[in-house]
Amino acid sequence: MENLDSDLLRTFVAVAEAGSVTDGAARIYRSQSATSLQIKRLESILGQPVFERHGRGVTLSDAGHRLLPVAQDVTNRLDVALRDISQTAVTGKLRVGIPDDHGRAKLAQIIAAFTRHHPQVELEVTCAISARFPEALDKGSLDLAIYEVECLGKHEELLYEDPTCWVSSAHRDFRAEKVLPVALFDHACWWRDAAIASLERRSKPYRVIYSSQSVSGVIAAVEAGIAAGLLGRSSLHANLSIVGETLGFSRTPASKLVMAASGSQETGPLDAMKTAIRSAFLTQI
């Protein structure tokens, strides 16, 4: 007879609390396929389903309702025991900057998981426009930051690369427009600079009719059909169409999400946070 191991229980708890396999996988830094396989293995051991599938989400079955409080108790006890017994507890203070745009949800999950596993670390998180983070690192007001660039710098570590493209609503055709309406970021950042450079290379009239501080704001304008916008391929969905070639744009650069620290000296909290972030991005966004 097979036993229930803690890894299966952690996966089950993550999916149950998130309400979907996709979001549960993000919480434990696994791919969706690996998470689904673990749930299937758990159900095979139990001989009955722990979830009822509906659309993109899941709800607990009768067996799942009975298992959840047990699984939560077991995994919590194991975490407490590890913290109490471990002789390598991480302590100290860490100031981290995460972008208030691309990858925010995933990075917030990483921060939350880090706090659970390293409760003795005093964590100060700044969620803001990431274009200001390199300067903050130089000044020493941040210890670690995540931000986007076109080209990697000497002390920047690549986490994720996202190709960019010009997109519009799938229900709007701008080919007949003499002056192309565009949606851009309204602050100095890599995305705005890349979009303007691409527009200038196109050598055709354009007009900025919408500005936003966030990716979601630019996506909203594009979805509404009022403008075209430069977005990462990771932001695309069924209601958006790639129109770069159709509208005469040349190839646009990929956005690189990077991690950088303020100094060369590794501290316990800094090293632990870097490890957590690297591990999470191995499964991709």
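Two strands are said to pair if DSSP finds at least two bridges between them. Strands (E, at least two residues) and helices (H or I, at least four residues) are themselves DSSP runs, numbered from the N terminus. The structure is a predicted model, in which local features need pLDDT of at least 70 and side-chain atom pairs count only at pLDDT 80 or more, while totals for chains, interfaces and linings use all residues. Residues are numbered from 1 along each chain as its sequence is written, and side-chain values use heavy atoms, with hydrogens and water left out.

The protein chain contains nine helices and twelve strands. Its C-alpha trace spans about 70 × 50 × 25 Å along the principal axes. Of its 285 residues, 44% count as buried; here buried means under 20% relative accessible area, exposed means over 50%, and partly exposed lies in between (1.4 Å probe, protein chains only). The accessible surface of the protein chain comes to about 15200 Å², and 50% of this belongs to carbon and sulfur atoms. Such areas come from the Shrake-Rupley method with a 1.4 Å probe, and for residues only the protein chains shown count as cover. A contact means heavy atoms within 4.5 Å. Among contacts between residues at least 6 apart in sequence, 74% join residues at least 24 apart.

E8 runs parallel to strand E9 (residues 206–212), and six bridges join the two. Within this pairing, leucine 180 stands opposite tyrosine 206 of E9, and valine 182 stands opposite valine 208 of E9. E8 also pairs with strand E10 (residues 228–232), in the parallel sense and over two bridges. In E10, alanine 228 is the bridge partner of valine 182.

E8, helix H7 (residues 190–202) and E9 make a right-handed β-α-β unit; a crossover is right-handed if, with the strands pointing away from the viewer, the path from the first strand over the helix to the second runs clockwise. Serine 203 is found in the loop between H7 and E9. Although serine 203 is not a glycine, it has a positive phi of about 60 degrees. With a relative accessibility of 61%, serine 203 counts as exposed.

Two further residues may be considered alongside this unit. Serine 169 has its place in strand E7 (residues 164–169) and, at 4% relative accessibility, counts as buried. Leaving aside neighbours within four places in sequence, serine 169 is in contact with Val222, Glu223, Gly225, Asn239 and Leu240.

Methionine 273 lies in helix H9 (residues 268–281). At 0% relative accessibility, methionine 273 counts as buried. Its contacts, leaving aside neighbours within four places in sequence, are with Leu94, Val96, Ile111, Phe114, Leu123 and Leu144. The C-alpha atoms of methionine 273 and aspartate 186 are separated by 31 Å, and the two residues are 87 residues apart along the chain.
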